[in-house]
Amino acid sequence: MSVKLNALNSDSYTDIGSYRDQHFKGKCHIQEKLLKASHTLYVGNLSFYTTEEQVHELFSKSGDVKRIIIGLDKVKKTACGFCFVEYYTRADAEHAMRFINGTRLDDRMIRTDWDTGFKEGRQYGRGKSGGQVRDEYRQDYDPARGGYGKLAQQHRGPQ
């Protein structure tokens, strides 16, 4: 009787993580199926000043990039610290997950995760102020992410 060990067939760098897009329209098992076949990565913790060219330069080291969509503040239409990187093949996206996740870009430790695929409208931040929800609650001063978080700025008053 042969026993298959999942650990031997697992690649923690390319396995789908626990993150799920809470705004996904569909059943969990459909979302999971899309994530397992996806060529698209969500990239977070970018500087607000990181350019598309910088993202392309880094991510093209692991394969042919099809397109990059920079996340925008839905009010100001300025970069808000995330993007989507779409590859032509799953293998190239897996290389990026293995070798780029956790590296530095523009002096920031970036994180990558699987995404079900970019759809128009997802490039906008989902925070109440137009940017990312995470930045609204941030208490520290981060010049690459616009200074203090939005809620901390309200309590401090104009700088």
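Which residues does S38 touch, not counting residues up to four places away in sequence? The answer is R90, W114, D115, T116 and G117, where touching means heavy atoms within 4.5 Å.

A quick word on the ground rules. This is a predicted model, so local features need pLDDT of at least 70 and side-chain atom pairs count only at pLDDT 80 or more, while totals for chains, interfaces and linings use all residues. Residues are numbered from 1 along each chain as its sequence is written, and side-chain values use heavy atoms, with hydrogens and water left out.

**The overall picture**

The protein chain has 6 helices and 6 strands, and along the sequence they come in the pattern α-α-β-α-β-β-α-β-β-β-α-α. Helices (H or I, at least four residues) and strands (E, at least two) are DSSP runs, numbered from the N terminus. Of the 159 residues, 42% are buried; buried is under 20% relative accessible area, exposed is over 50%, and partly exposed is in between, with a 1.4 Å probe and protein chains only. Take the contacts with a separation of 6 or more: 63% of them are between residues 24 or more positions apart.

**The sheet**

Four strands make an open sheet in the order β2-β3-β1-β6, with antiparallel pairing. The edges are β2 and β6, each of which pairs on one side only. On average, neighbouring strands here are turned by 25 degrees against each other, direction ignored. Strands pair if DSSP finds at least two bridges between them.

Strand β1 is mostly covered, with 5 of its 5 residues buried. In a regular strand the side chains alternate between the two faces of the sheet. For β1, T40, Y42 and G44 are on one side, L41 and V43 are on the other, and both faces are covered. β1 is joined to β3 by 5 bridges, and it also pairs with β6 over 5 bridges. Here are some of the residues that stand opposite each other:

| Residue | Partner |
|---|---|
| Y42 | D113 in β6 |

**The helices on top of it**

Helix α3 (residues 52–59) lies across β1, β2, β3 and β6, at about 140 degrees to β2. Helix α4 lies across β1, β3 and β6, at about 150 degrees to β6. These angles run from 0 to 180 degrees between N-to-C directions, using axes fitted to C-alpha atoms, for helices over the stretch in contact.

Which residues of α3 are buried? They are V55, L58 and F59. These three cover an arc of only 85 degrees around the axis, so they sit on the same side of α3; that arc is taken from the directions from the helix axis to the C-beta atoms. An α-helix has 3.6 residues a turn, so residues three or four places apart point the same way. On the other side of α3, E53 and E57 are exposed. The cover over the buried residues of α3 includes β1, β2, β3, α4, β4 and β6.

**Back to S38**

S38 is in the loop between α2 (28–37) and β1. Its relative accessibility is 4%, so S38 counts as buried. A polar atom of its side chain lies 2.9 Å from the backbone nitrogen of T40. A polar atom of the S38 side chain also lies 2.4 Å from the backbone oxygen of D115. A polar contact is a pair of N or O atoms within 3.5 Å; within protein, one must be able to donate a hydrogen and the other to accept it, and residues adjacent in sequence count only if both atoms are side-chain atoms.
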